[in-house]
Amino acid sequence: MQIHHGFYRQEHLAQPFFELQRMIFPGLDLAWARDNGFLSPEVVPFGLFENGRALSILNATTSNIVIRDHTIRAVQLGTVATHPEFRKTGLSRLLINKVFDRYRDSTDIVFLYANDQVLDFYPKLGFERVLETHFSMPVRDYPANSFRRLDPKKPQDRETIFRSFDRRVSLSGACGVEDYRLLAKWYALTFFADNLWYHEDTDVLIVASIEDRSILVHDVVSSIPVPGFFRQFSWPAVEEAILQFVPDQFEGSFAPMSAPAGDTLFVRGRLPPGIPVKIPVLAHT
């Protein structure tokens, strides 16, 4: 068995990587993302291979996280997967330790999101669970609003989506990730294709989904700061907005709340204490 990394342009390694990725995460198509230019050089694949087959894989993505004027150099682990025939043999541990070794002197933290099946595994590697914070606010229930849904399949709407992400300002100065434009565009074209809304008057794009009488606002994309955006926010048949980011740059009656059930954030390293943490959803790998 051999460990390789940084091989997205080496087809004899990339193809087995993609085959295992599609087996474990069938709704994810990293090959398409690579071929269409949505994987930045900061996304580095790692894999453990034997006889032309990928046995265990992950992606390591470097980025800067800004928390209250502190710039934290981070590595995010994603697409962590082991072939079913080789689980519980320590292969994921080998790969993750390889990432630790490679980025030991250039990063401050390593983090990832884990599902309920592996919550006991990551603390054994030095990760600690970090509770994230969402923010809620009441919403005026108006019969209509001035948002229109964007369709990424339409060239004009696609241009609006790309222009918005290319020119965006930081979402949060309290807890934000620097420059995840390519990743956000990929999300917009795939997982959130039905959740893109454009506000013509302010030239603001929001990524938002409706659940019962709540609207979950995953991202707000604008080329200039719009602090008063949520003061006039309304949505038909909705009573509450849940912001999945720290809204320090917006004005409104925001109340912190525990994040709903879902994947759990694990961090290896230290974050500044006493500050709400929420990694934007479109920056997850």
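Which residues is Tyr187 in contact with, leaving aside its neighbours within four places in sequence? I started my notebook with that one.

**Ground rules.** I'm working from a predicted model, where local features need pLDDT of at least 70, side-chain atom pairs count only at pLDDT 80 or more, and totals for chains, interfaces and linings use all residues. Residues are numbered from 1 along each chain as its sequence is written, and side-chain values use heavy atoms, with hydrogens and water left out.

**Tyr187.** I found contacts (heavy atoms within 4.5 Å) with Phe192, Ala193, Val281, Leu282, His284 and Thr285. I placed Tyr187 in helix 5, residues 181-189; helices (H or I, at least four residues) and strands (E, at least two) are DSSP runs, numbered from the N terminus. Between Tyr187 and Val281 I noted 94 residues in sequence, but 9.4 Å in space, C-alpha to C-alpha. Is Tyr187 buried or exposed? Its relative accessible area is 12%, so I wrote down buried (under 20% relative accessible area, with exposed over 50% and partly exposed in between, using a 1.4 Å probe and protein chains only).

**Arg34.** Next I looked up Arg34, which sits in helix 2, residues 30-35. Arg34 counts as buried because its relative accessibility is 7%. Not counting residues up to four places away in sequence, I have Arg34 touching Tyr8, Arg9, Glu11, Ala14, Gln15, Phe18 and Leu39.

**Rings.** How many aromatic pairs are there? I got 27, taking rings of Phe, Tyr and Trp (its six-membered ring) as paired if their centres lie within 6.5 Å, with planes under 30 degrees apart stacked, over 60 edge-to-face and the rest tilted. I looked at Tyr122 and Phe266: their ring centres are 6.0 Å apart and their planes are at 40°, so this pair is tilted. Tyr122 lies in the loop between strand 5 (109-114) and strand 6 (128-130) and Phe266 in strand 15 (residues 264-268), so the pair ties together parts 144 residues apart in sequence. Tyr122 is buried at 6%, and Phe266 is buried at 2%.

Then I checked Phe147 and Phe229, with centres 6.1 Å apart and planes at 90°, so that pair is edge-to-face. Phe147 and Phe229 are both buried. I also noted a cluster linked by ring pairs: Phe147, Trp197, Phe229, Phe230, Phe233, Trp235, Phe245, Phe250 and Phe254.

**Charges over rings.** Arg268 lies over the face of Phe100, 3.9 Å from the ring centre.

Technical notes: Lys NZ or Arg CZ within 6 Å of the ring centre and 35° of its normal.
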